[in-house]
Amino acid sequence: MESLLRNLKEHVTCSICLDTFTDPKTITCLHTFCCECLKNHALTSQRNGKFHCPECQAEVDLPEANSFDKLPTSFHHNSLLSVLAIRQSGKGNDISCGICKKKSAEISYCFECAKFMCIDCVNAHQLFSHFTEGHKVTPVKQFQSQDYEALIKRQSFCSVQYHEREITRFFCLKCKLCVCQICIATDHKAHEGHDVELLDKVADGEKTYILMKTEELKAKTNVLSGAIRLCEQTASELEKNVTNAKREVSQKAEQMIAKIRENERQIITAFENTRVLKADKLDSAKAQVQSLLKQINQAIEFAENLIQRSSSSDIMQSKNYLEKRFEQLENTTIAELPVNSFLKFYPTKEIQNRTLGYIATSEPVVGLTKDFQAGVESEFEVHPQILGEQVREVKVFVEPADKVGILTTYEQDGDYKVKFTPKVPGIFNIIIKVNGKELEGSPYIVQVKQRLIQVVGELKVKGETLREPFGISLNSKGETTVVDSDKNCILIIDKEGNCVRKVGCYGNNAGQLKSPLDVTYLNDDNIIVADQLNHRIQQFNVQTGNHVRSCGKEGTKNGEFQNPLGVCVDDKGRVIVADCRNNRVQVLSQDGVLLFQFGESGPEKLNKPSQCTYYKNKFIVSDRDNHCLKVYDDSGKFLYKIGEPGKSDGQLKQPWGLCVQKCGDQCNLLVCNRGNRRVDQFTLEGCFTGKTIDSLQDPRGITTTPDGLILVTDYKTKKIHILK
């Protein structure tokens with residue numbers, strides 16, 4: 001009791017508002033709070049009809065209809081509040097009289113009536129001594145510990161209306177309620193089944209159960225205390241372990257930093273050594289060039305002085321050694337730079353083995369700065385080993401993927417060669433991944449330009465002079481066959497450029513020719529010739545020069561021709577003839593039998609076809625006077641047109657010779673754009689991709705060599721140009 005009285009203020013303080021309880025209510029976890037405080041806390045923090053106790057965090061259901069005033073009242077705390085009021089009255093605080101409600105510091109308490117009374121009411125109480133005989137009335141300032149205990153344990157008054165002055169001294173076992181004497185006489189009658197016992201007797205029995213449960217809970221508190229101690233011990237050990245771990249981390253970090261600093265010094269030293277080495281080589285190269293420059297300047301000065309200040313005899317006497325010196329200096333080549341300026345540090349994305357990165361003295365990708373041209377196989381190299389890490393996989397992608405042919409990658413001694421053929425001009429992205437990660441700088445952007453076809457030479461025919469070169473063709477032996485229309489013959493030229501045989505001569509008979517314009521190989525030993533002014537097709541053996549057969553005559557019927565200008569053989573051995581003035585293409589068997597013809601009718605009717613070729617089940621025809629190319633399927637059905645009249649890129653004027661050149665896995669359609677004096681390049685789908693940059697006078701025949709060169713006959717210059 002002494003302990004309770006010393007800490008009485010703590011027992012009656014609400015933990016929410018931190019003030020003395022007002023209408024204390026107890027919740028299911030047995031913690032007590034002011035009714036209004038509890039209501040505000042619960043309604044603001046509740047989730048799904050539940051809230052947590054502010055003290056123990058136990059989950060508690062909201063009262064039905066949020067009626068917090070119907071929660072159990074803590075009578076124990078009300079008694080403590082009374083005790084607090086009594087103790088505060090000893091300090092001069094007033095207490096309300098329980099009878100007249102007047103406040104006074106001089107107040108007494110009747111233990112039998114359970115009422116606080118002022119002096120006047122105490123006097124009145126004594127006047128009714130025959131009713132209050134034996135009542136203990138004690139001034140509150142004279143309360144002892146046993147008085148406080150009696151006050152706390154006093155019975156409560158009945159809460160039933162009109163019974164408020166009666167003390168509850170009984171307990172109805174049926175209704176589980178504390179009742180007064182009047183309740184027994186009115187609402188809890190024995191003959192109606194209400195079993196009523198003295199409240200103290202029932203409470204004594206309940207105390208036994210409560211004590212038993214309390215002991216059980218005390219045992220559990222020991223377990224919980226042990227769990228708390230374990231938590232505290234674990235937390236203490238955790239702090240100790242964390243402290244030790246932090247110290248070890250700091251120590252390891254210092255070691256790693258020292259190692260990284262050492263790696264930094266090594267890399268910087270390597271950079272400096274590389275700089276010195278490259279600088280020495282550059283200085284040496286520079287000195288050599290400067291020396292050569294001085295020698296040339298000396299030769300110039302000597303020659304100028306000789307001319308300006310010396311006699312003729314001096315000039316002639318100096319002639320021989322001056323010529324030798326000039327020749328020496330002219331033949332002295334300027335060496336390429338021995339080293340480049342490339343030097344780069346590639347940091348590791350993740351620090352492994354405490355290595356900062358790797359030094360590269362040459363670029364990881366070489367060859368992307370050169371010109372890339374549409375329809376031409378391009379090549380570049382990837383050197384992943386300079387990155388300083390083990391190479392497991394290298395992957396290369398070129399986008400847009402549908403604008404390039406097959407991309408091939410070859411590995412050789414750790415380096416990779418990449419080949420691809422861009423189909424059309426435009427911007428391409430090259431993505432390079434090493435071990436699944438993109439190289440720094442990837443994607444690399446390259447500009448693919450139109451193909452620029454150059455005249456690089458002339459095929460000079462030894463032993464024969466060209467007068468009107470037209471059609472040209474090659475066989476697999478490397479022999480070249482050229483039509484000379486003015487000479488009315490076919491020239492057979494070997495690999496060295498020697499004219500080894502002439503086939504045909506002027507005339508109308510079999511084996512004779514009259515202004516022939518085109519030739520193609522049927523096989524390595526036999527050729528087919530478009531005999532223009534004899535209006536027929538003839539076959540010759542190039543090994544013997546003998547005539548094999550002729551077919552056709554002048555006319556408009558099937559199998560007849562009017563000025564056949566072009567001839568080719570498809571992969572099925574069929575002979576295809578550009579029948580110029582009949583405005584059609586005739587397809588014949590090798591025996592000269594007409595199989596079918598096309599182009600003479602319809603909205604896309606041919607107008608003076610001059611040449612034709614066949615590739616992958618398609619006929620491609622030079623429609624000369626419509627100034628375009630026309631493409632047909634294998635049955636002669638029109639598919640699409642390539643080009644249009646004009647002089648600009650992709651436009652044609654009197655197109656003539658045709659051929660398909662294979663570059664890598666890409667095929668380019670080459671056409672003699674005769675009226676525009678150039679050779680144009682298209683994709684097989686009809687996209688313009690390049691042209692010659694050197695003007696040609698009158699290109700007529702065209703073919704390609706196995707090593708990628710292009711041979712073009714020029715009617716006006718009487719030459720066979722070599723293009724690349």
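Residues are numbered from 1 along each chain as its sequence is written, and side-chain values use heavy atoms, with hydrogens and water left out. Because the model is predicted, local features need pLDDT of at least 70 and side-chain atom pairs count only at pLDDT 80 or more, while totals for chains, interfaces and linings use all residues.

Visitor: What is the volume of the largest pocket?
Guide: On a 1 Å grid over the protein atoms alone, a pocket is an open set of points with protein on both sides within 12 Å along at least five of seven lines, whereas a cavity is a set where a 1.4 Å probe fits but cannot get out; lining residues have an atom within 4 Å of a point. Grid points are joined across faces, edges and corners, and a volume is the space filled by probe spheres set on the points. For the largest pocket, that volume is about 1600 Å³.

Visitor: Which residues lie nearest the centre of the largest pocket?
Guide: The lining has 17 nonpolar, 13 polar and seven charged residues, where Ala, Val, Leu, Ile, Met, Phe, Trp, Tyr, Cys and Pro count as nonpolar, Asp, Glu, Lys and Arg as charged, and the others, Gly among them, as polar. Of the 37 lining residues, those nearest the centre are Phe75, Ser79, Arg154, Gln155 and Ser156.

Visitor: Which elements give two or more residues to the lining of the largest pocket?
Guide: Helices (H or I, at least four residues) and strands (E, at least two) are DSSP runs, numbered from the N terminus. By that rule, the elements are helix 4 (75–89), strand 8 (115–118), strand 11 (177–179) and helix 9 (199–309).

Visitor: Which residues are closest to the centre of the second largest pocket?
Guide: This pocket holds about 680 Å³ of space. Strands that each supply at least two lining residues include strand 30 (518–521), strand 34 (564–569) and strand 38 (609–615). Among its 28 lining residues, the closest to the centre are Thr520, Cys568, Val569, Thr613 and Cys659.

Visitor: What is the volume of the largest cavity?
Guide: The structure holds one cavity of 30 Å³ or more. Its 13 lining residues include Ile528, Ile537 and Arg549, which are among those nearest the centre, and strand 32 (536–541) and strand 33 (547–551) each give two or more residues to the lining. The volume is about 90 Å³.

Visitor: Why is the pair of Phe380 and Phe420 called edge-to-face?
Guide: Rings of Phe, Tyr and Trp (its six-membered ring) pair if their centres lie within 6.5 Å; planes under 30 degrees apart count as stacked, over 60 as edge-to-face and the rest as tilted. These two ring centres are 6.3 Å apart and the planes are at 70 degrees, so the pair is edge-to-face.

Visitor: How many residues apart in sequence are the parts that Phe380 and Phe420 tie together?
Guide: Both Phe380 and Phe420 are buried, where buried means under 20% relative accessible area, exposed over 50% and partly exposed in between (1.4 Å probe, protein chains only). Phe380 lies in strand 17 (residues 378–382) and Phe420 in strand 20 (residues 415–420), so the parts they tie together are 40 residues apart.

Visitor: Which residues do ring pairs link into a cluster?
Guide: Tyr632 counts as buried at 2% relative accessibility, while Phe638 is partly exposed at 28%. Ring centres of Tyr632 and Phe638 are 5.7 Å apart, with planes at 75 degrees, so this pair is edge-to-face. The cluster consists of Phe596, Phe598, Tyr614, Phe619, Tyr632 and Phe638.

Visitor: Which ring has the charged end of Arg700 over it, 5.0 Å from its centre?
Guide: A charge sits over a ring if NZ of Lys or CZ of Arg is within 6 Å of the ring centre and within 35 degrees of the ring normal. Arg700 lies over the face of Trp656, at 4.4 Å from the ring centre. At 5.0 Å, the ring is that of Tyr715.

Visitor: What is omega for the peptide bond from Ser442 to Pro443?
Guide: Most peptide bonds are trans. The bond from Ser442 to Pro443 is cis, and Pro443 lies in the loop between strand 22 (437–438) and strand 23 (444–449). Its omega is near 5 degrees.
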